[in-house]
Amino acid sequence: MAGSSWPSEAQLNGIRQIVSEMAGTGSEEVRVVVSPYRICPLGAHIDHQGGTVSAMTINKGILLGFVPSGDTQVILRSGQFKGECRFRVDEVQCPWKYAADASKIDEESDWGSYARGALYALQSRQNSLAQGIIGYIIGPEGMDSSGLSSSAAVGVAYLLALETANNLTVSPEENIEYDRLIENEFWGLRNGILDQSAILLSSYGCLLCMNCKTKEHNLIHPPKLGVNHETEWQEAYKILLAFSGLKHNLTVHPGYNHRVVECREAATVLLNASGGGAAEPLLSNVDPEVYQTHKHILEPNLSKRAEHYFSENMRVSKGLEAWASGRFKDFGMLISESGLSSIQNYECGSEPLIQLREILLRAPGVYGARFSGAGFRGCCVALVDTGHADEAASFVREEYDKVQPELASQLNHDTAVMICEAGDCARVI
């Protein structure tokens with residue numbers, strides 16, 4: 001698509017060549033699914049309470065080259081994982097936890113099971129598939145367990161490939177629901193729909209705004225500054241991803257799993273105090289004026305959770321205005337405030353991610369930074385002035401090595417800090 005720098009022709013041609021050799025067909029017959037990763041600069045930890053969040057895709061993600069198999073067989077290989085995944089689209093899929101062959105679960109990689117999950121989601125809505133695929137899937141090096149929605153990107157990629165091979169016309173909204181089925185039903189996870197919504201609904205250079213209570217969404221475009229307005233805003237900022245080296249969740253804050261419960265408890269107290277106790281105990285059902293009037297009766301922990309929710313909603317609102325006006329420095333300041341509230345009010349984040357965030361904030365040209373997700377693993381994301389991006393990346397690499405030498409030593413120097421650009425929506429080329 002116009003404007004997006006990813007994928008390159010070299011990447012596309014390389015994948016087409018691999019699939020054509022797998023399938024014994026011409027490379028011109030190979031289609032490629034482009035399924036980008038996403039960042040959520042504002043709106044942290046409030047989606048489960050029906051808050052309003054922001055998201056955008058980046059020019060990194062999953063590429064899945066494929067051709068129809070000519071029968072019901074699915075044959076998949078991966079650029080990251082060994083082995084080959086095989087199954088048939090006329091096999092009835094069941095949720096992973098109910099799979100009868102436990103030995104097969106041990107042997108088959110997760111990447112293969114996401115393809116089964118996509119088939120499960122399509123079957124669960126009475127889609128009858130007759131055509132399998134022969135495919136090759138690959139993600140960017142150094143971004144495993146990054147907290148950038150890689151699982152949703154993989155699920156969306158398999159959905160689009162199977163739908164294309166079977167000539168199914170499916171809307172982005174329907175695919176959001178299908179990917180939710182992969183995550184929630186097939187895998188049994190408690191994920192929301194933010195990740196797949198960002199991947200499927202984003203548009204190049206725009207900020208996606210989603211009301212998680214109503215599911216309404218809209219795209220916030222950058223300002224039109226002149227004839228070459230796309231070039232002008234594109235040159236105003238880059239996106240820095242700085243990786244911590246942590247690939248597993250840490251229990252630095254043992255109470256993190258109770259945050260959702262605490263938010264609901266805070267909502268219950270506030271609704272009861274205002275006579276709205278019949279409403280579902282979500283902070284999105286509490287009017288901001290009610291919160292201001294009754295927040296003094298909340299216990300300290302509940303007070304912090306509610307403060308994060310209401311202040312984060314305000315930051316999202318201000319951030320949308322800043323983005324629409326092209327005030328990227330102001331937008332960055334709000335990202336930093338969001339990160340601080342995650343630490344102080346939502347009380348999440350591990351020491352390495354908190355240190356990495358602080359280093360980013362000291363880096364030249366950085367407008368703002370926060371850790372991605374809960375901050376127990378993965379990376380921090382920052383908005384940086386384009387002219388200082390390279391300098392900032394070098395600074396972060398050097399400084400992080402000083403405070404976390406062991407973790408830094410586990411990172412590839414070339415991918416420890418990545419300079420990214422805005423991405424586009426998931427699509428088939």
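Strand β10 (residues 379–385) is mostly covered, with 6 of its 7 residues buried. Buried here means under 20% relative accessible area, exposed means over 50%, and partly exposed is in between, using a 1.4 Å probe and protein chains only. Strands are DSSP runs of E with at least two residues, helices are runs of H or I with at least four, and both are numbered from the N terminus. Before going on, the ground rules: this is a predicted model, so local features need pLDDT of at least 70 and side-chain atom pairs count only at pLDDT 80 or more, while totals for chains, interfaces and linings use all residues. Residues are numbered from 1 along each chain as its sequence is written, and side-chain values use heavy atoms, with hydrogens and water left out.

Now the strand partners. Two strands pair if DSSP finds at least two bridges between them. β10 pairs with β8 in the antiparallel sense over 7 bridges, and Ala242 has Cys380 in β10 as its bridge partner. Strand β9 (residues 366–371) also runs antiparallel to β10, joined by 5 bridges; there, Val366 stands opposite Val384.

Taking a disulfide as a pair of cysteine sulfur atoms within 2.5 Å, the count comes to 0. For Cys380, the nearest cysteine sulfur is that of Cys379, 6.9 Å away. Cys380 counts as buried because its relative accessibility is 0%. Cys420 is in no disulfide either, and its nearest cysteine sulfur, again that of Cys379, is 9.0 Å away. Cys420 is buried too, at 0% relative accessibility.

A cavity is a set of points on a 1 Å grid over the protein atoms alone where a 1.4 Å probe fits but cannot get out, and lining residues have an atom within 4 Å of a point. β10 gives the most to the lining of the largest cavity, with 3 residues. The lining includes Val381, Ala382 and Leu383, along with Trp323, Phe331 and Ile335. α11 and β10 each supply at least two residues of that lining.

α11 (residues 328–344) also holds Gly332, which counts as buried because its relative accessibility is 0%. The C-alpha atoms of Gly332 and Gly368 are 3.9 Å apart, although 36 residues separate them along the chain. With contact meaning heavy atoms within 4.5 Å, Gly332 touches Tyr367, Gly368 and Ala369, leaving aside residues up to four places away in sequence.

Rings of Phe, Tyr and Trp (its six-membered ring) pair if their centres lie within 6.5 Å; planes under 30 degrees apart count as stacked, over 60 as edge-to-face and the rest as tilted. The structure holds 9 aromatic pairs. In one of these, Tyr237 and Trp323 have ring centres 5.4 Å apart and planes at 65°, so the pair is edge-to-face. Tyr237 lies in β8 (residues 237–243) and Trp323 in helix α10 (residues 300–325), so the pair ties together parts 86 residues apart in sequence. Tyr237 is buried at 3% relative accessible area, and Trp323 is buried at 0%.

Conventions. On a 1 Å grid over the protein atoms alone, a cavity is a set of points where a 1.4 Å probe fits but cannot get out, and a pocket is an open set with protein on both sides within 12 Å along at least five of seven lines; lining residues have an atom within 4 Å of a point.
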